[in-house]
Amino acid sequence: MGRPVAVIAFPAAERDLEPVAAVADVRRLPWPLDWETLLGSLADAEGVLISNQWRLDERFFSAAPRLRVLSSYGVGYDAIDVEAATRHGVAVCNTPGVLSGAVADFTLGLILALARRLLENAAFGKREWAERAPPPPLGWDLAGKTLGIVGMGRIGREVARRARAFGMRVRYYDVRGPAGEPEDEFAELDEVLRAADVLSLHVDLNPTTHRLIGARELALMKRTAVLVNTSRGAVVDQAALVEALRSGRLAGAALDVLEQEPPARGEPLLDLPNVIVTPHAASATVETRRAMFELARENLISVLAGREPPACVNPEALPRALRRSGS
Ligand code: 8YV
């Protein structure tokens with residue numbers, strides 16, 4: 001009975017893979033990685049560790065007939081065909097929880113950047129201040145404003161907690177119904193849209209949240225409101241958002257995620273003065289990225305060693321994935 005092969009399709013240091021090497025033969029793929037190399041490495045793989053940015057579909061799973069665990073680095077798994085994985089007896093694992101605080105911090109940073117015109121003020125401070133030019137327009141206080149949250153999961157709740165400390169009132173919508181702290185107010189989506197001074201999105205991307213915020217929803221919002229998106233770009237109808245921002249239907253937006261990442265050259269959002277765009281960086285801290293890696297590694301090791309992993313998105317695949325252990 002041979003040792004399982006674990007493919008590491010991720011730029012991990014050899015030392016960090018020692019715990020994997022204790023249970024499997026480690027195959028590190030060259031970085032940067034291309035799709036052909038990835039597919040070509042899978043024939044005997046029982047485990048794969050890979051970033052959640054790769055679109056992994058039937059082609060991937062058919063190329064990996066022995067695969068038992070797909071350990072995805074990231075909490076969102078919208079790019080993975082989980083149904084195909086389950087059909088192939090593959091446990092799909094992700095990294096929930098460990099990034100919630102970092103994403104919430106970043107979200108508050110974006111809200112503050114919009115409200116206090118941090119980017120304009122920072123640019124002004126270095127360039128025009130010395131020239132005695134007139135300063136940027138005034139910002140607005142967070143205290144007393146309403147934060148509308150769509151999606152009150154782990155990240156939404158962390159954002160709400162921080163916003164309360166800034167004196168904001170939180171109203172939220174969640175498809176599961178009231179899910180927040182008692183001091184936060186649950187309401188239907190349209191009501192949250194109408195009430196929000198800041199609307200922040202924290203849903204996962206699935207067929208029911210695809211373009212959840214479109215022209216109709218944006219039209220319900222206050223003209224003075226701003227939109228913050230650190231979830232997935234496709235939760236917002238981007239063309240409708242551009243139109244709302246251009247026409248003054250919406251005051252501003254801060255987007256850490258876009259429908260296409262990186263964006264195409266000439267993407268209209270990038271030229272709008274009332275938009276902040278960051279490069280999908282909300283979880284990008286040393287501590288959080290480390291914790292994500294360690295959880296992804298533990299998910300991989302667990303299934304390869306025949307144990308239930310800490311975080312699995314298709315538990316129905318587990319009995320088969322674990323039974324094939326050591327086969
Ligand atoms: C990034 C995220 O994907 O975890 C997620 O779902 O969106 C982020 O943490 C990160 O770059 C991992 O690839």
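**The ligand site**

Reply: A polar side-chain atom of H280 lies 2.7 Å from an oxygen atom of the ligand. Taken alone, the ligand exposes 320 Å², and the protein buries 89% of that (accessible areas come from the Shrake-Rupley method with a 1.4 Å probe). The model is predicted: local features need pLDDT of at least 70 and side-chain atom pairs count only at pLDDT 80 or more, while totals for chains, interfaces and linings use all residues. Residues are numbered from 1 along each chain as its sequence is written, and side-chain values use heavy atoms, with hydrogens and water left out.

R232 also reaches the ligand, with an N or O atom of its side chain 2.8 Å from a ligand oxygen atom. At G76 it is a backbone N or O atom that lies 2.8 Å from an oxygen atom of the ligand.

The ligand has 13 residues around it, of which V75, G76, R232, H280 and S283 come nearest (a residue is near if one of its heavy atoms lies within 4 Å). By class, this shell has four nonpolar, seven polar and two charged residues. Here Ala, Val, Leu, Ile, Met, Phe, Trp, Tyr, Cys and Pro count as nonpolar, Asp, Glu, Lys and Arg as charged, and the others, Gly among them, as polar.

The space that the ligand takes is the largest pocket. On a 1 Å grid over the protein atoms alone, a pocket is an open set of points where a 1.4 Å probe fits, with protein on both sides within 12 Å along at least five of seven lines; a molecule sits in a pocket if more than half of its atoms lie within 2 Å of its grid points.

Definitions and conventions
Polar contact = N/O pair within 3.5 Å; in protein donor to acceptor, adjacent residues only side chain to side chain. 1 Å grid on protein atoms, 1.4 Å probe; cavity = no way out; pocket = protein on both sides within 12 Å on 5 of 7 lines; lining within 4 Å.
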